[in-house]
Amino acid sequence: MAAANTTKISWRLQKFEAHSSTVSCLALGKSSGRLLATGGHDCRVNLWAVSKANCIMSLPGHKSPVECVQFNTSEDQIVTGSQSGSIRVWDMEAAKIVRMLTGHKSSISSLAFHPFQGFLASGSMDTNIKLWDFRRRGHVFRYTGHSQAVRSLAFSPDGKWLASASDDGTVKLWDLMQGKTITEFTAHTAAVNVVQFNPNEYLLASGSSDRSVKLWDLEKFKMIGSLEGNATPVSRCICFSPDGDCLYSGATDCLRVFGWEPDRCFDLVTVGWGKVSDLAVCNQQLIGVSQQLSTVSSYVVDLKRVKKSGGAVLHTVAHGNQPAAEPKDAKGSALRRSYERPSTGCSSQRVKQRWSPEGERRSPSEDEADDKVSSAEIYNAEDYKEIFQPRNAISRTPPRISEPFPAPPDDGGGAVTASKGRATGSSPASSGQVAAATPPPQPSAPVTVAPQAKVILSGRNDPIGLNVADFLPLLPSNRGGALSDAEALSQITKGHDTMCVMLSSRHKNLETVRSVWAREDIKRALDAAVSMNDLSIVVDILNIINLQASLWKLDLCTTVLPQIEKLLTSKYESYMQTGCTSLKLIMRHFWSLISDTLTAAPSVGVDITREERHQKCRACCRQLKNLSNVVKNRAEQVGRHGSAFRELQLLMLPLE
């Protein structure tokens, strides 16, 4: 991989128009991470290959908006649920419906395929859970007990249990063999939005609107951890790593990596994916998809550069009024059981069947009516045959060596915005424009230019100071004021000479700083950059040394801290992110030294070196306290810079 790509931890893969109306649900194929299904208010389900903006096929048939969609384990079937309560199961290889299931009285809010049998579970706004055998057109059992909508369902890896999460704040565990509740977990204080089983251990994770992720031991049926620190409610986006050793949690503007026993946050990576709706792990990369109105965006996080051990202890679970126990030395010192998966199937352990009349009583005329609306509309025959009808290997299975989605080249325009002193973000060049999808969206209203934001985002697509409306077709009433070619060219080239002069001056200053660095040291080079009174030069230097913590010394901190205050109060998001990254490095590597030096007892006699160090530490402490107030005031902002300020606020708590 090229050196330019080594700073990429996360990037936007694509952004495209997915439906002609609002997108209501998304689902990734968990086995490959390469397939994406989207459901919309246009009553359709569209299927996509991740990283391609052309729709493979569209699944019609629903008469009301699609509210839920899910792939099976082998990704050759898909189940969809609508606002009216109807469910459809599609065979992707045959491109047709194999079952239409009805029985819920309200909107479908969750769906899950059994890991290896022909069963699926559905949860609804009517508070009921139904287990279906879609091979026989009927539901096997109806589970009741939740008092509000069922938001998430998950089968255990061995296929014996079903976990459900509800708006009533509870998580229930059901025994499929006995058809009854095993236990109920009630520690959440708000709606529970998602549940996930650990792939190896008897462990269950649940995410809630109370902004926490809780971990439940399924042998002792008790909570063993509460992973907190999310600034927003935990939606449907949590997933265990394939080895089950850590948990990924997707928030509005970041990805957190959690461990447990003791509870700790291993890493936090800033990702600007917005309303992230689903996660999948593929080839040491985490794929995330988000939605906004009718558009869908996909993002990639390089897990090889994400920390999965160490981290700061969040807290230890306390029981009743007893003090919290000391954290254990190693995670899972008492090993839990592993799931026993059958080698061929679980036909020897059939689920207790209680058939409902509506599943079996269907006439031949109803079957004929199903066939009329059972076929998918294939828009991309080449991709469809490659993915779902391959001659040899299944192409949706990712390669085991090469990365499926390589990082785009770093154009240098983005800010350094990752925790642990690393760089992340998506460049405008790599993101691309919104691609057209099939079916095409409805015509939109005339484009209007929004007022310029106070913070100029680093990932913007529009140039600053250019009125885009000048180059758009004018309304008939305004034809008289249309721009001529010469006037349009003048608008485009306005300020070009000024920009050239500014860039030439910046290049000359950087050459000066480079020569000082080569001749003397980095401290003198940074002093020279500061003396030029050009903040962009300081940002360029900091973006280099932020990537190498070994370059930092206490002398450097005394020079950088006054400049960080200017960066944090800048209107440019890229400047803010650079300042935040530098401040994180200083807090992590030098706060202990500063604190210990200032609190140490006076030495006997005269120690010039100690006095100089004490003076530098005192100056740094004074600057850090000033910066703490700046960070606190800006922590309420939204976006990538707001997330960075909130993380800094937690890091600077010792100053108080």
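Which residues does I594 touch, not counting residues up to four places away in sequence? They are L554, C617, C620, C621 and L624, where contact means heavy atoms within 4.5 Å. The model is predicted: local features need pLDDT of at least 70, side-chain atom pairs count only at pLDDT 80 or more, and totals for chains, interfaces and linings use all residues. Residues are numbered from 1 along each chain as its sequence is written, and side-chain values use heavy atoms, without hydrogens and water.

I594 belongs to the largest nonpolar core, of 45 residues. Such a core is a set of buried Ala, Val, Leu, Ile, Met, Phe, Trp, Tyr and Cys residues joined through side-chain atoms within 4.5 Å. Buried means under 20% relative accessible area (1.4 Å probe, protein chains only). W552, L568, L583, I586, I594, L624 and M652 touch the most other members. Helix α10 (573-599) supplies the largest share, ten residues. Apart from this core lies another, of 23 residues, including L35 and I387.

Helix α7 spans residues 522-531; helices are DSSP runs (H or I, at least four residues), numbered from the N terminus. Its buried residues are I522, A525, L526, A528 and A529. They lie on the same side of α7, because they cover an arc of only 155° around the axis, taken from the directions from the helix axis to the C-beta atoms. They pack against α6, α8 and α9. D521 caps the N-terminal end, with a side-chain oxygen 3.3 Å from the backbone nitrogen of K523. N533 follows α7, with a positive phi near 55°.

How values were computed. Buried < 20%, exposed > 50% of the residue type's maximum accessible area, 1.4 Å probe, protein only. Helix = DSSP H or I, 4+ residues; strand = E, 2+ residues; numbered from the N terminus. Polar contact = N/O pair within 3.5 Å; in protein donor to acceptor, adjacent residues only side chain to side chain.
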